[in-house]
Amino acid sequence: MSTTKLCCTNESQLKHLKRELQILLQQLQADLDAERSDQKQEMSQLSSTEVLDRAEASAVVGLQLTSLSRVKQLEEEIHECQNALERIEAGRYGYCEQCGEEIELNRLMANPTSVLCVGCQSKDELKRNGRQSITL
Ligand SMILES: [Zn+2]
């Protein structure tokens with residue numbers, strides 16, 4: 001193995017990050033499984049209850065919504081992890097998806113699934129948070 005093109009991320013750091021991502025991925029998948037089996041339980045409790053009053057019914061719906069958004073969030077995180085692992089395999093890991101600049105190592109260490117550099121990330125957040133205020 002010769003040195004890779006990544007200049008701020010050397011091979012041992014990359015290996016470390018890959019390991020982190022794999023552990024993270026396993027945890028997320030375990031969380032997702034747990035969340036899904038909880039959901040099933042709630043569903044079966046719901047169907048076994050003949051009559052729910054309004055308050056109970058809305059509490060159950062509330063719970064399901066929370067659980068659904070949790071599942072959705074976990075699925076997104078899993079997707080990001082898989083994406084990052086694929087990028088490592090493809091040798092594209094550590095570069096910004098938008099501008100192609102290297103992502104700072106500190107940033108990758110703090111959040112191994114980062115796909116944007118600090119600059120692009122903050123632009124992206126601006127876009128998401130305040131659509132009315134982009135005049136760039
Ligand atoms: Zn960028």
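Predicted model: local features only at pLDDT ≥ 70, side-chain atom pairs only at ≥ 80, totals over all residues.

I began with the largest nonpolar core, which has ten residues: Leu17, Leu21, Leu28, Leu74, Cys81, Ala84, Tyr93, Ile103, Leu108 and Cys117. Helices α1 (11-48) and α2 (54-90) each give at least two residues to this core. My note on the term: a nonpolar core is a set of buried Ala, Val, Leu, Ile, Met, Phe, Trp, Tyr and Cys residues joined through C-beta atoms within 7 Å. Buried is 20 or more other C-beta atoms within 10 Å of a residue's own, with C-beta atoms placed from the backbone.

Residues are numbered from 1 along each chain as its sequence is written.

Next I checked Leu21. Beyond its neighbours within four places in sequence, Leu21 is in contact (C-beta atoms within 7 Å) with Cys81, Ala84, Leu85 and Pro112.

Then I looked at the whole protein. I found four helices and zero strands, counting DSSP runs of H or I with at least four residues as helices and of E with at least two as strands. Of the 136 residues, 11% are buried.

How many residues of α4 are buried? I got zero out of twelve.

Last came confidence, or pLDDT, the predictor's score for each residue from 0 to 100. The average is 84, and 83% of the residues score at least 70. Over residues 1-7, pLDDT stays under 50.

Conventions: Contact = placed C-beta atoms within 7 Å.
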